[in-house]
Amino acid sequence: MREEHQQPKQQDNNQELLEQIIQLVNQNTSLDRKLNHFLHVVCPRPDIKHLFIYHTQGHTEASVYSCSSDKEQFQVVPEQTRTLTNTWKELLFYIEPDQKKIHLRQSDLPEEQAMKFRNIEIEELYLFPITSHNSQSACLGVVPQVAGKVNEALWEELSRLLSIAWISDSNRKRLIHYKEKLDWMLDTTGQWYWEYNPSKAKFVIDRHWMIKCGYTENHLPKEDFLRYIHPNNRHEFVKLLDIPSEARNHVFETDFRFQKANGEYQSITCKGKTMFSHHSGQPRIVGVLSEIAQVSSVQERFDQAFQLSPSIMAITQMSTGVILDANQRFLDLLGKTKEEALGLNFFDLRFFSQETQEYLRERLLRDKKFVNEEITINLGDQLKFGLYSASAFMSNGEMLVISSVQDITEQKNISKELKQYRENINELVQQRTSELNNSRHYYETLIQEMTDYVCHSLPDTTILFVNEAYSRYIGQPREVLIGKKWIDFIPEFSLDFIQEQIQTISTKRKVHTFEVYIPALNGQPENWIQWINVPILDENGEISEIQSSGRDITNIKQIQSELSAAKEMAEESGRLKSAFLANISHEIRTPMNVILGFTNLLIDNDLEEDERQEFAGHITNNANLLLRVLDNILEISRMEAGFTDIEKSPCDINKMLESLCQEYAKLAQPGVQVNCCRAIETPVSFMTDKRRMKQLFTNLMDNAVKFTSEGHIECGYRLHPSSHSFNQIEFYVEDTGIGIPAHLIPVIFEPFRQADNSLTRQFGGTGLGLSISKKLAELLGGTLSVNSVPGKKTVFSVTFPFQPSNLKTTNNMVHNITDNKYHFVPDWQQHKVLIVEDVESNYQYIYSVLGKTGIQIIWASDGKEAIEFYRDNPDIDLVLMDIKLPIMNGLDATQTLKSLNPDLPVIAVTAYAMSEDKDKCLEAGCDDFIVKPVNRFELLAKIENYFESQEL
């Protein structure tokens, strides 16, 4: 019963809803407003969960209008999410064109589509198509709250009403479009629309016309339009509006005067046509209004344009050519007044040829008009050029022609001059182009033959042009370099510097010169390259190209370096000479002061004898000092002049050094010990200049005594121990004085130079001693050097080639015929050696070699015997072991000896010369290896090495 009671109520609600939607559809609003209003009216409904309207137009994006329910609270929301839009698009796939509706359930859909339904909580969906129009398609979607509870008839009717709304909206838009086009057409043609409804006696007048007449928007005559028509014209116009009912498509036209807002009247033409409504069948009149121009005004404007025209104009009869009117330009051309010109025959003036006249006449008869025909006007003594235009027209039943000639003589002359000018310009351009090509060829030839490196490049270093010299400099053919970037060929060591120069050029935009140093690489000598870079600027002041020229300036750099060194040397020489003069003055005046002073004192007769002896000693010592100064000056002068003679004779080294040390032991400062160190105790003599040798060592000892205040001074010589070769002998003077700083060592051998040249220097001297010593050493065939640790020790060494000068010296040496060297025979009396050799002759040879040294020798003929001898003589210092031995071989014997004394040196002496034999000996414990036949000097050297290590 309850459901039966609710059913009529529901029907009433549905009927009310349909009536509301019908009113909505009939409203004069846009479709968007209607659709949104539709959703407001329909929602909420307790039986509907979701409601949406989906429509598209052509290929544009779809629009969705929807409303939904959340706990029975409905709200209209614009749907903008693409996910929902795409879902509606997919739903349309299931709607067929002719289908009135479609009923979709989750269970009926494919799994993918069913999943989308579940995601948006749709169990069941009804789609009702809305009639499409003009490529539009739409549908009404309904999602019920409860499946199967939808009034399909209601929603079909609603979708039909929406279709009507769609169609009416389309018609409304089309009418608006047509009205806009009509307004545009009337505006562009100078006409205005009007309409009259006889049944209502009501006028509709185009508002643009009323505004043109001066009326405001708020005061536009409509119903009282007739009272604005001039009274003399109003009655006739009203008669035209009285249309019989049977008259159809009746057309009329009339003129009347219309009153403007300022009270003046405007003449207008009114056209009208009778039309009947398709719906009501009632007649109405529609038409257009247009202004009527004043004839007098038009004629005045034409006369002004005719007379003031810059063209030559005339009006003539078509048939006779008689001139009826002409403007001032035409009269000036004829040289006549207007009265004289009127009545003349235009063609008799012979402005142009008969042939041209006939052509123009035929053209005018055929086409009625033509424009801008170029003609030539013959004025007898001159020719003029013009553009001839003509037009035929009827006037009072007579065919007339208005002609116009635009004088283009000046333009023709200018054009001719311009043509000639262009020809001259072209000829000049060709000439200049030829000259430029020749200059370019000459320039390129000159550039190619240049030895400078020439390169044209873009700001990014892209190469545009290079000459052959640049190509050789880079080491790449020109064809390869063009288009490459020269920065890619720059070595890594100068890349940063070159990039800085590029930045400087880009910043300053001026000529920039820089020099690049290229060190010696891959066997190539070092080089200096100077680059001159000229930036080329465009019209905007930006660098468009860089022209670079490089030149090898290595020779110039070398000359500059040599000049700078020579300059420094000259300046240094000047300073040294000045210092030397000041120094030499001091060194001369100081002893001279002592000599003169004590000489004056000796004149005094009151002196005691011991005082006289002391004063005489001071005079003698300072006289000797002064003499030595003078000798040094004379000696360096003779050396510089090349007048120093060397006279070699036998010199006893030991005796000379001993005498020198005894002399300087007296001159040394208190507490300083002077030692003489001899490498050989027996006399050793060699060929040299004894006086120069003594002078050399005297200067060195003077230097040592002067700078040593404590410690010792040692003078001696040493023999080089390697191979005991006596081909060189080294003399030295060692002191524990103040020493020489390392940076001053290269200059102390130069003339006039001392380690300290200041006025506050502690030690005297002329600065010539070491320079003389160095030159003396070189004259004697030796080399002087120095090694110093400041504050600890200084050693001056002089090395000479050595040749014995007497038999006694030779007896203490052995001459090696192979290398022509004398070898020192060592003194080994304190050493004992065991020779293990089974061949007696081999033993005798080794015995002879070692016999002169005084060494103690024990001989064993086999390995077992050698072990027994060593056990009996544990003081044996070294063993010479043969490998191939009877009873016990040398390798086994060596292992046994090493087990007894691991530090015992064992030298293998064997005829086995292979490398693997040497390895076996060393593996067995041998310390060294000598191959037979034995070289005596090699044997002595090896033994000496082991004895020296034992002493250490």
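Helices (H or I, at least four residues) and strands (E, at least two) are DSSP runs, numbered from the N terminus. The model here is a predicted one, where local features need pLDDT of at least 70 and side-chain atom pairs count only at pLDDT 80 or more, while totals for chains, interfaces and linings use all residues. Residues are numbered from 1 along each chain as its sequence is written, and side-chain values use heavy atoms, with hydrogens and water left out.

Let's start with charge pairs. Side chains of opposite charge can pair when their charged atoms come close. A search of the whole structure turns up 18 salt bridges (a side-chain nitrogen of Lys or Arg within 4 Å of a carboxyl oxygen of Asp or Glu). One of them joins Arg 432 and Glu 435, at 3.3 Å from N to O. These two sit three residues apart in helix H12 (residues 409–449), so about one helical turn separates them. Both ends are partly exposed: Arg 432 has 41% relative accessibility and Glu 435 has 36%. Here buried means under 20% relative accessible area, exposed means over 50%, and partly exposed is in between (1.4 Å probe, protein chains only).

Other pairs reach further along the chain. Lys 898 and Asp 927 meet at 2.8 Å, N to O. Lys 898 is in helix H24 (residues 890–900) and Asp 927 is in the loop between helix H25 (915–924) and strand E35 (928–931), so this pair ties together parts 29 residues apart in sequence. Lys 898 is buried at 14%, whereas Asp 927 is partly exposed at 35%. Salt bridges with shared partners also link Arg 363, Arg 366, Asp 367 and Glu 373 into one network.

Then there is the pair of Arg 105 and Glu 124, at 3.8 Å from N to O. Arg 105 belongs to strand E4 (residues 102–105) and Glu 124 to strand E5 (residues 124–130), 19 residues apart. Glu 124 is buried, at 4% relative accessibility, while Arg 105 is partly exposed at 38%.

Now for the nonpolar side chains. A nonpolar core is a set of buried Ala, Val, Leu, Ile, Met, Phe, Trp, Tyr and Cys residues joined through side-chain atoms within 4.5 Å. The largest one has 44 residues, and Ile 653, Phe 697, Phe 731 and Phe 796 touch the most other members. Among the elements giving two or more residues to this core are helix H18 (653–667), strand E26 (728–735) and strand E28 (793–801). Helix H19 gives the most, with seven residues.
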